[in-house]
Amino acid sequence: MKLLILASLLGLSLAQFNPNTKDGKTAIVHLFEWRWADIAAECERYLGPNGFGGVQISPPSESIVVTNPWHPWWQRYQPIGYNLCSRSGNEDELRDMITRCNNVGVNIYVDAVVNHMCGAGGGSGTHSSCGSYFNANNKDFPTVPFSNYDFNDGKCNTGSGNIENYQDVNQVRNCRLVGLLDLALEKDYVRGKVADYMNKLIDMGVAGFRVDACKHMWPGDLSVLYGMLHNLNTKWFSSGSRPFIFQEVIDLGGEPITSNEYYGIGRVTEFKYGAKLGNIIRKWNGEKLSYVKNWGEGWGFMPSDKALVFVDNHDNQRGHGAGGASILTFWDARLYKMAVGFMLAHPYGFTRVMSSYRWDRNFVNGQDQNDWIGPPSYEPFSNWWDNGSNQIAFSRGSRGFIVFNNDDWDLSVSLSTGLPGGTYCDVISGQKENGRCTGKQVDVGGDGKATIRISNQEEDPFIAIHADSKL
């Protein structure tokens, strides 16, 4: 009987290395912070026809909403529950995206944040992506529900409750990662709630998971969790197919926790890959492309059939995570494209391409002060104005400005737009076309102010301008 159980568990484990891609496709793309509706369209328009096997999506679970700084990207890595509404869209939009991508042969892999909930300093209230109540101060997350009994605080041996020494295995796995409330995954109840969340996504049609922060969870606990997961939905996958598991374990050497502790339960992210490849393509330290003839295990990487490889990811793209300055990103476009081309052409590992977004960098002492910036919708709500009745105006940072007149009289007022000086085309009455405005135009002064006039008799009694409508 014990041999049968062992064989069964071994079979489940081995199956978790299979990405379940259609037609033997060998690459996926991380559409970081993309909206579900946009991913669905991208699967149909580009990814399916061009041979991509799947998409890694950002965490779909309900997370804390942070306004200082303004909606940073990392708020999605601070869950307060497992409801499926996020900055990318609601549950219906997620389900539609999964269906549409599967229908064109593109798998969906979910970034699963199950090591922790939000930060201990997250406060209390309904400032979450679904509007659900939570209280981080007393570890109360009623939508799951989790309570103070479901966290590892009693097992942490540091005064702060946070990881203070990465050479101490118990600290790394039982204490809080940068203040995030650490779930006690060895408890059956906690595992059950996490498995329920992941199984709901499997039943909706996802093909697997990128499991966040695995170094901070005991491999034995993860093995039990993975064994609780459903087989994949037979509408799109063959009967008995298991979810593909690839685990985030940052291992550049020098720490007691190593990647090979996780080889038996799923693939593992090979962070050495991007760090070494960056050095080679940059020609740093005398490295040459000719040296990659034995690329892969010959460079001290994990076995190819255990590795998930990438040039950069959402963390080290911003100077976090692992790899340091050698990591190539879209900021080094010429070199980056060569690195990605090499990765896609070479047989080592299962490959993941990165698709992110640009932000305005601000370096102080070598550190980008804007590394927190979320996707383009991060622009703050500002420059509010109203007349106490039915005329209002507001801006979205320095990117856009809108004015409404729903009163029974005309509007004529000088307002702060938040935009740089210049002439802008109103995109309600027309657009910018061939260097001119087909509708109204708005002149913004050097002080960011503009005189706005809107008659109450107009068919569209509002005006909107934005950065790209400037002449």
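This is a predicted model: local features need pLDDT of at least 70, side-chain atom pairs count only at pLDDT 80 or more; totals for chains, interfaces and linings use all residues.
Visitor: Why are helices α2 and α3 called roughly parallel?
Guide: Their axes cross at roughly 10 degrees. Angles under 35 degrees count as roughly parallel. Therefore α2 and α3 are roughly parallel to each other. Helix α2 covers residues 36-47, helix α3 covers residues 91-103, and their axes come within 8 Å.

Visitor: Which residues of α2 and α3 meet?
Guide: From α2 come Trp36, Ile39, Ala40, Ala41, Cys43 and Glu44. From α3 come Glu93, Leu94, Met97, Arg100 and Cys101. The residues of this contact divide into eight nonpolar, three charged and no polar.

Visitor: What makes Arg210 and Asp111 a salt bridge?
Guide: The N to O distance between their side chains is 2.9 Å. The cut-off is within 4 Å, for a side-chain nitrogen of Lys or Arg and a carboxyl oxygen of Asp or Glu. The pair therefore meets the definition. Arg210 is in strand β8 (residues 208-211), while Asp111 is in strand β3 (residues 107-112). They are 99 residues apart, so the pair links distant parts of the chain.

Visitor: What makes Glu248 and Arg210 a salt bridge?
Guide: Again, set the distance against the cut-off. Their N to O distance is 3.4 Å, and the limit is within 4 Å. Glu248 sits in the loop between β9 (244-247) and β10 (267-269), 38 residues from Arg210.

Visitor: How do you know that Glu248 and Arg210 are buried or exposed?
Guide: Buried means under 20% relative accessible area. Glu248 has 8%, so Glu248 is buried. Arg210 has 2%, so Arg210 counts as buried too. Asp111 is also buried.

Visitor: What makes a set of residues a nonpolar core?
Guide: The residues must be buried, of a nonpolar kind such as Val or Phe, and joined through side-chain atoms within 4.5 Å. The largest nonpolar core here has 108 residues. Val55, Met97 and Phe209 have the most contacts inside this core. Helix α5 gives the most to this core, with eight residues. Apart from it lies another core of 14 residues, among them Leu415, Leu419, Ile454 and Ile465.

Visitor: Which residues are in contact with Val55, leaving aside neighbours within four places in sequence?
Guide: They include Ile28, Val29, Leu31, Ile39 and Cys43. Leu47, Val106, Asn107, Ile108 and Tyr109 are also in contact with Val55.

Visitor: How do you know that Cys425 is buried or exposed?
Guide: The cut-off for buried is under 20%. Cys425 has a relative accessible area of 0%, so Cys425 is buried. Cys425 belongs to strand β19 (residues 422-425). Among the residues Cys425 touches are Gln431, Arg436, Cys437, Ile465 and Leu471. In sequence, Cys425 and Lys470 are 45 residues apart; in space, C-alpha to C-alpha, they are 6.2 Å apart.

Visitor: What is the phi of Asn20, and of Ala213?
Guide: Asn20 has phi near 60 degrees, a positive value in a residue other than glycine. Asn20 is in the loop between α1 (2-15) and β1 (27-31). Ala213 has a positive phi of about 55 degrees, although Ala213 is not a glycine. Ala213 lies in the loop between β8 and α6 (219-227).

Visitor: Why are Asn20 and Ala213 called buried?
Guide: Buried means under 20%. Asn20 has a relative accessible area of 9%, so Asn20 is buried. Ala213 has 5% relative accessibility, so Ala213 counts as buried.

Note on methods. Residues are numbered from 1 along each chain as its sequence is written. Side-chain values use heavy atoms; hydrogens and water are left out. Axes are lines fitted to C-alpha atoms, for helices over the stretch in contact, and angles run from 0 to 180 degrees between N-to-C directions. Helices (H or I, at least four residues) and strands (E, at least two) are DSSP runs, numbered from the N terminus. Angles under 35 degrees count as roughly parallel, over 145 as roughly antiparallel, 65 to 115 as roughly perpendicular and the rest as oblique. Contact means heavy atoms within 4.5 Å. Ala, Val, Leu, Ile, Met, Phe, Trp, Tyr, Cys and Pro count as nonpolar, Asp, Glu, Lys and Arg as charged, and the others, Gly among them, as polar. Buried means under 20% relative accessible area, exposed over 50%, partly exposed in between (1.4 Å probe, protein chains only).
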